[in-house]
Amino acid sequence: MIKEFINYISDPIRSFPIVTILFILQMKYYRTFGTKKFYFWLMIIGIPLVFLAATDPNFLLILTWPDNVPISLLILSLGFFTWLSFHKAAVNDARIEAGEPPVEGTPEMREKVWCWPNLVYTELFMSIAATVFLIGWAIIFKAPLEEPANPTWAPNPAKAPWYFLGLQEMLVYFDPWMAGVVLPGIIVVGLLAIPYIDTNPKGNGYYTIKERPMAMGLFLFGFLVLWIFLIIIGVFMRGPNWTFYGPFEYWDFHKVEAAFNINLSEFFWVKGLNMPMPKNILLREIVGIVLTIGYLILPGTLFLRMKQGKEMLSKIGNIRYYLLVFLVLTMGTLPIKMVLRWLFSLKYIIAMPEFEFNL
Amino acid sequence: MTKKHEPGMAYDMKKLNKVFAFLSVLLLVTVGWVFLDDYLRPWKKVQIEAQSIKRAKLQTKIDAANKKIDSKKLAKLEEELSEQKQNLSQKNKQIEIAQEKITQIKGKLKAENIVNGVLNADVGEMQFKYETAHDKHQVNADDLFKKMRKLKVEFVASRDRLKQYQGEEKAAKKNLLNLSFEVNKSKAEITKLVGSRDLLVAAKEGAKTLDNPIWLLRNAPIIDYLDPTLKISQIVVHKVKDDRYFVQVPKVDRCITCHSFINQTGYEDQANPFKTHPKLDLMVGMDSPHPMKEMGCTSCHGGEGHRVNDFNAAAHTPNDKKQEAEWVKKYHWHAPHKIPQPMYRLKDTEASCIKCHQGVEFIPEGKIVNEGYRNIEKFGCYSCHKIKGFEHRRKRAPSLKKITAKINKEFFKNWVWSPKAFNKHSKMPSYFNQDNNKKPEFMKKNMAEVNAMADYIWSISKNYKSKYKYSRGNANKGKELLGEVGCTACHGIEGLEEQSKKIGAYAGPYLTGMGSKIKNPDWLVTWLMEPNHFSPDTIMPSFRLTKREANNITAYLLSLKNEKFERLKFEPMDKKERDDILLTYLQTFDTHASAKAELAKMSDVERTLELGRRSVGKYGCYGCHAITGLEKATGLGTNLSEEGSKPVTQFSFGHVKIDHDRRAWIFNHLKNPRQWDIGVDKSFKDLLIMPNFDMSEKEAESITTVLLGMVSDQIPLEGQKRLNEYETVVATGMKVANKFNCIGCHQIDGEFGDILKYYEDEDINAGPPRLVGEGHRVQADWFYHFLNNVTEIRPWLTVRMPSFNLSSDERNKIVAMFQAESKMNTFEEKSEKISWLRGEKRGAIALWKSYDCASCHTQGFNNDEPSAPNLANARDRLRESWIRKWLRNPGAILPGTTMPNFWEDGEATDDDIFGGDVDRQINALTKYVLEIAQKKKQKK
């Protein structure tokens, strides 16, 4: 019963909003989240739960699949380090509020030490330890090699390397050209651009959330929810035919999911106006085009009307401002597209397959 | 930072060093672990065990050899030896001198060898210099010539000295040998006695493993890359390739890494993997047609031959559930994942024969495959499914073109509805009342279809008038005839159950309930007398029955009734259902309304006929039956030519709980083809239609084996069995022989001859003649003529050679087949005139009388019942060389023949004539037989 419930809420339709809410709560109550007590209880409750879940044969199968073992470890360490940074930020923010400098800014922390041996030697330790770990791992878990590639008998599901599964998940909602080329390109360029856009010196060299709520919120939403969460979905819950399978669900090859998606233009012309689709492509897609342009222009300009917007513009200047707005809006397309797909089975906002241009 | 360190230091250096030391040790341990992990392989343990088994085997051989050794003799010899050795020690001085002499000579020899070698080189050089100089007319040519000659003379002298020393050495050695002659002789005798044992002991010593330091050294970790004895053994097979999808690579089979003794005799009693291959003479053995080094292992067995990680990696497949449980316990066996061709179950291994042995009706020694082939023929699988190698087969079932003359419509409907209700042996499969269509709503529709099909078939049936009239007969005599003349080779017959069961005939229908089936007795008489009158291309032959005989048989067959079936009344046509089904057809590419309009245009009869026509197409009746207008329609089934390579994911297992593998699917499909629809919501038109043949386990198993062998593997030409000129002719002829079921009666060189199973227990000579070396026995022209005009050869047989409606091409193929099988020329010359040596003919006549030939070959000599063929035909029918061979030892050709052997073990029974000279007697008698035949012929 509980398993079925977990399967039910794990579907991205439900789990994505849940995770988003959890993320917002985490950002809001980061000081509670950042306490050692919280982490302690999280572990006390969480670890037995994971073991309990692993008694399920289907879940165990996914968990112990050689490809997935390292991913589980990564997720655990990611959880820990997320908590650690929140913990440090919480401590620092409390100190700043009390008028003290952050921990990293205390005089003893500012003391300088020799590069050798303090850094180089310890780095050598780490490299040895990592080598030992990798060797041990390689011996215990054999390489999950499969049969020779057969073009007529592709593996199903065909999965990308785990670190691309977030991108692969995006393929569910976007045209391959968008999800595979444009968006990843923008992600990379956007990440590169962060140091040039973000000129705010606050938070340099120390952990803080209170001083940088927007920067932290936006980045962590993109990273934790739009990237890591989608990877988790892609690794553990996408089975044959890229169909969603709950963590306790058997990967039945023949599972069928109803999916019939409609373009916005079809909504507008056929369902809304009850008339045939115009022959002119631009006319046909006019609603989508207008909406897209509106989406790209309006939020940025409307924000400028507000006090915070004006403040920001004056701080960082025009180019930085518009770049930031563009990047944030681009990031926003993913959740928007997801929600539209779940609510309306929307396929594309602009559908111009004639030019390989679908949004 | 609670603790304070030196300025500029964050850590305590000593502590760091300790950490470094710890990590370094850890890394070292891990590296050791790497080597250990790499070193410990499961197959090494197996190989060590193999060696211990080998030692145990050798020990038993040593024990046996020891028993053979005469210990007394050995002791005596050894005593002598020690005595002689003592004697020898007295000659020590002489021996020393002799040995010294040899050393001296050897020294001289060595020195001379060097001189000779230097001279040889000099001569060569000088010769080249001189010849070049001479060629270029240089002034120093003469000078060089002299030098060369001088060297040559010296060389010859040196060679001479060499020979002399060699001679001296020989003599000296002989001298030494003479001194110790007795000792050597005793030693040799002892060796003779214990040599083979000592060899075995040495071999056992060589099989030592863990207790042998050299073995340990060679197989020690890390240095075992040099020359290990524990190693992966492999066979690279170039004749059969592995399909790696982008490239075909030679097979690499490493099975012999663990199956150490697979090609060695003597390990038959061991358990796997140490067992000897059970069929070394056919497979694996050096002299077998499939030697291991050329064929490998997985070429036949399937599986992943190159994988030796562990037991499961090779994709071993258990033979049955019992073995599976055993393996799970022993090897943690699991079904292989992602392996396109796991190993075949042991009992399916013959499947692999098929991919290389193409173009033949039967594969030699392929018992299960051949059974599968015959079952495929029996059920006519190829009628609906395209199957590579079965394209030439005839339509399996009777023609429906003149069906109205044979049966009535009511029978037709009931029969189609449930063939097994009429005849449980029926090969007509069941289409209706099956797992996926026995719901009442589907039954109603099915009945409408059957009604429509009957009307349609009747509407296109041609009229037929029987040639002969039925005038009543004696049923008992008819039954007797049926059992005697050979009907049972093709037909099972009610009333002759025992015989039918024994023979297991499948070419024709099981004859039961004929009285309820056949509408017109005249038809049956005509069919028996002259089958081609009704159906020109039937394989049913004429037995040259007299009218009386035909009437008797008809009387018997018509007396077989199936009352229960006769009482069945088929539901009349349900017009609503008919229209419904028609509508779904018409709606395929059209709207409901226009389909309805279309239907409305049709008259009642038109609707029925249209549904009938479509239903015949839907169920593919034309696959097996000849139906007017559908002669060229292709069968409905999927192409099975590559079924054995079809990915498992492409089989629909529905909701049936069976193993998800290819074999299980095919087998279960054959047993019940409709089961995949169970639990699936389907509309009437989408139901599976493969009918149910009610196969037995065995039949389904054998067909499954064949289908598993229908693989897509590309076998290189050199890997395929390429028929030679003889085999090609035999294969072609066999197609005809199989089509007309010649093999139902005749054993051909020891194979087939189903009907003989019935005669075997009583008297095999009462059955149809066994054809052994028939191509050598008979004259080709006689044979060709005989096949078209069958005449009596063996009057004492009740079973008859039928007259088949063979084309001249078919006759030629059969004749050529036998010729090729015996590797004979088409014609053997018949000497026109028989020339006798002096007194030979008298001897021949005496032999004829002495051996009393006419007591069996009576025809033309007395009025006794003949029990051997008429010799008047001998000259036209038989080949002279064969008569000789036959006379010499009839039992060698036909075991159990009544023809006596007069020259048993090369000794004549009558040793008065020709002084008992076997060759002369056989020669004379052969000539005499041929002369008799010639004379009798002339008289005619």
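Reader: What share of the 940 residues of chain B counts as buried, and what makes a residue buried?

Author: 32% of those 940 residues count as buried. That takes 20 or more other C-beta atoms within 10 Å of the residue's own, with C-beta atoms placed from the backbone (12 or fewer is exposed, and in between is partly exposed). This is a predicted model: local features need pLDDT of at least 70, side-chain atom pairs need 80 or more, and totals for chains, interfaces and linings use all residues. Residues are numbered from 1 along each chain as its sequence is written, with chains lettered from A and ligands numbered from 1 in the order written.

Reader: What makes S1(B) and S2(B) a pair?

Author: Pairing needs at least two DSSP bridges between strands (E runs of at least two residues). Strand S1 (residues 235-243) and strand S2 (residues 248-253) of chain B have six, and run antiparallel.

Reader: How many residues does each chain bring to the contact?

Author: Chain B gives 22 residues and chain A gives 21, where contact means C-beta atoms, placed from the backbone, within 7 Å. On chain B's side, 17 are nonpolar (Ala, Val, Leu, Ile, Met, Phe, Trp, Tyr, Cys, Pro), three charged (Asp, Glu, Lys, Arg) and two polar (the others, Gly among them).

Note on methods
Contact = placed C-beta atoms within 7 Å. Helix = DSSP H or I, 4+ residues; strand = E, 2+ residues; numbered from the N terminus.
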